[in-house]
Amino acid sequence: MRLSLPARLFLWTVMGFGFAFIYVPLTLVVINSFNKNTSFAWPPTGFTTSWWSKAATNEGVRDAITRSAIVALTATAIALVLGSLAAAAIARYSFFGRDAISLLFVLPIALPGIVTGIALNNVFTNFLGELTIFTIIVGHATFCIVVVFNNVAARYRRLGSSLEEASMDLGANRLTTFRLVTFPLIRSALVAGGLLSFALSFDEIIVTTFTAGAGQNTLPIWIFQNLFRPNQAPIVNVVAAALILVSILPIYLSQRLTQEKSAS
Amino acid sequence: MATLDTIRRSLHRNVRARIATLLALPLFWLVVLYIGSLAALFITSIWKIDTFTSKVVREFTLQNFIDVFTDKAYFNVTIRTLFVAICVTLICAVIAIPMAFFMARIARPRSRPVLIALVITPLWASYLVKVYAWRTMFYPEKGFINWLIEPLGGSSPGFGMFAVIIGLTYLWLPYMVLPIYAGMEKLPNSLLDASSDLGAKSGRTFFSIILPITWPAIIAGSIFTFSLSMGDYITVQILGGTFQMLGNVVYQNFSLNLPFAAAVALIPVIIMMVYLGSIRKTGALDNL
């Protein structure tokens with residue numbers, strides 16, 4: 001497309017500004033995790049790696065990371081099954097109430113997390129009596145389902161149904177068609193939805209606040225509890241910086257997936 | 001095996017049975033567990049509370065709603081919350097539309113995946129880390145912003161509504177960029193070429209062609225930015241100083257007076273339902 005010079009300049013400026021807006025704060029956190037000065041005033045006054053070694057041996061952090069990983073893996077597993085079942089139904093069939101159901105599948109992310117949180121808390125404390133790691137998983141799976149559903153439903157819509165029809169015209173039954181045709185086609189959407197759902201769960205704090213029992217700290221809850229304690233500030237800084245660095249991994253993976261997709 | 005075979009055959013013949021099998025579990029989860037919990041919560045809002053034990057007493061009352069709607073303070077919090085959510089959505093759109101356009105249309109196809117990855121990075125970075133990053137940015141007297149503008153004679157605005165708006169914009173920006181990027185990518189080149197062939201300048205092409213076609217994608221992004229901003233209370237606690245939003249009111253009342261918290265929580269839900277209802281026709285829900 002041809003663009004006038006001012007339009008081009010404008011777009012370049014916005015891109016530059018946008019990326020600065022995105023990356024300056026994150027870079028500061030990483031730099032601060034090596035900052036010798038515990039008040040973390042800017043600019044840093046000295047370099048140290050001692051906060052990193054302190055954080056690596058911190059019991060609270062380790063415990064929270066393990067719990068977050070268990071929750072995120074289980075919630076994602078539930079979401080992958082339920083989300084793709086629903087996506088298949090909504091995308092492949094038209095039936096009475098289909099629109100209402102698609103709207104229903106937006107609600108858990110469209111309604112504020114605090115509403116979901118206190119609603120689930122109310123039900124859990126009344127019917128189960130106490131909050132456990134299980135209640136965290138149920139809470140997380142509720143919005144993870146939506147994430148997987150969106151990814152897989154979008155893939156189904158794009159694929160159309162001609163390939164499956166061809167497979168069945170050639171004599172394959174539904175199960176074989178799913179195994180040999182449908183599943184390979186939606187696999188990367190499942191991986192993408194699963195990754196996103198894992199990341200959202202690992203990161204969730206609002207619903208978790210209301211569904212986690214006492215002492216059941218997930219990593220975000222641990223960070224939040226220690227955020228306002230000045231003597232914990234160096235550890236919080238390191239955990240934050242580590243999370244930024246770790247978050248590059250899923251991006252790399254999703255990059256590979258999209259390249260694989262465009263290659264095939 | 002005989003029974004399995006019968007089931008398989010009846011599933012093959014009966015479309016309804018097939019749909020029901022697919023939907024049974026997901027619907028059970030979302031309708032019974034999720035909608036059920038929401039319904040239970042909102043029923044609580046018409047119940048009383050034992051003021052000594054903070055326990056819910058199942059007696060009908062409209063007092064919670066009367067309190068919410070007659071007290072000027074709650075009206076002000078609602079307006080403030082709406083204002084913040086609208087500001088965040090608008091700022092996100094203003095930054096995201098040109099960025100998405102640049103990435104989808106101007107950048108060379110080979111660099112597109114890299115640019116997209118760069119935008120998605122903060123989406124994967126932790127929510128709290130991002131808010132925390134802005135806390136170090138906005139910190140009065142020793143923060144980065146203060147260091148940046150002090151030589152110019154200014155000082156950091158500190159914690160408050162402005163910091164909350166910037167923080168929330170930062171958090172939800174990728175949610176706005178991604179759907180718009182997807183929408184812009186689908187835009188046929190021929191339309192843009194036709195527009196400039198017919199003599200339209202860049203601005204005219206943008207407002208008459210690009211904006212109307214990508215509108216559903218923009219609205220789809222706004223669902224996230226708007227809703228996520230409206231329910232937030234943690235960013236407000238970290239960046240807001242004494243500034244409060246609806247989420248904070250719900251959070252403060254939740255353990256002491258659940259019926260009242262439920263009544264307050266109904267405000268963002270109603271606003272969101274009205275919003276979702278009003279945009280259903282734009283096709284935004286298919287762009288999520």
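Helices (H or I, at least four residues) and strands (E, at least two) are here DSSP runs, numbered from the N terminus. The structure is a predicted model, in which local features need a pLDDT of at least 70, side-chain atom pairs count only at pLDDT 80 or more, and totals for chains, interfaces and linings use all residues. Residues are numbered from 1 along each chain as its sequence is written, and chains are lettered from A, with ligands numbered from 1, in the order in which they are written.

**Stop 1: chain B as a whole**

Select chain B, which has 13 helices and two strands. Its radius of gyration is 24 Å, well over the 19 Å that the globule rule gives for 288 residues, so chain B is more spread out than a compact globule. The radius is taken over C-alpha atoms, and the rule is 2.2 Å times the number of residues to the power 0.38. Along the principal axes, the C-alpha trace of chain B spans about 80 × 70 × 35 Å.

The average for chain B is 85, and 94% of the residues score at least 70.

**Stop 2: a helix pair in chain B**

Now select residues 202-231 and 258-279 of chain B, the helices α10 and α13, whose axes come within 11 Å and cross at roughly 175°. Axes are lines fitted to C-alpha atoms, for helices over the stretch in contact, and angles run from 0 to 180 degrees between N-to-C directions. The crossing makes α10(B) roughly antiparallel to α13(B); angles under 35 degrees count as roughly parallel, over 145 as roughly antiparallel, 65 to 115 as roughly perpendicular and the rest as oblique.

On α10(B), show B:Ile219, B:Phe226, B:Ser227, B:Met230 and B:Gly231; they meet B:Pro268, B:Ile271, B:Met272, B:Tyr275 and B:Ile279 of α13(B). Two residues are in contact if their C-beta atoms, placed from the backbone, lie within 7 Å. The contact of α10(B) with α13(B) has eight nonpolar, two polar and no charged residues. Ala, Val, Leu, Ile, Met, Phe, Trp, Tyr, Cys and Pro count as nonpolar, Asp, Glu, Lys and Arg as charged, and the others, Gly among them, as polar.

**Stop 3: where the chains meet**

Display both chains: 64 residues of chain A are in contact with 70 residues of chain B. Helix α1(A) gives the most to the side of chain A that touches chain B, with 12 residues. That side divides into 48 nonpolar, 13 polar and three charged residues. For the complex, the predictor gives an ipTM of 0.81 and a pTM of 0.83.

Select α1 (residues 5-32) of chain A and α6 (residues 127-138) of chain B, which pack at about 85° with their axes 9 Å apart. This makes α1(A) roughly perpendicular to α6(B). Among the residues making the contact are A:Pro25 and A:Leu26 of α1(A) and B:Tyr132 and B:Trp134 of α6(B).

**Stop 4: chain A and A:Val236**

Chain A has 13 helices and zero strands. Of its 264 residues, 44% count as buried. Select A:Val236, in helix α12 (residues 233-246) of chain A. Is A:Val236 buried or exposed? With 26 C-beta neighbours inside 10 Å, A:Val236 counts as buried, as 20 or more other C-beta atoms within 10 Å make a residue buried, 12 or fewer exposed, and numbers in between partly exposed, with C-beta atoms placed from the backbone. Leaving out residues up to four places away in sequence, A:Val236 touches A:Ile223, A:Asn226 and A:Leu227.

Technical notes:
pLDDT is the predictor's confidence in each residue, from 0 to 100.
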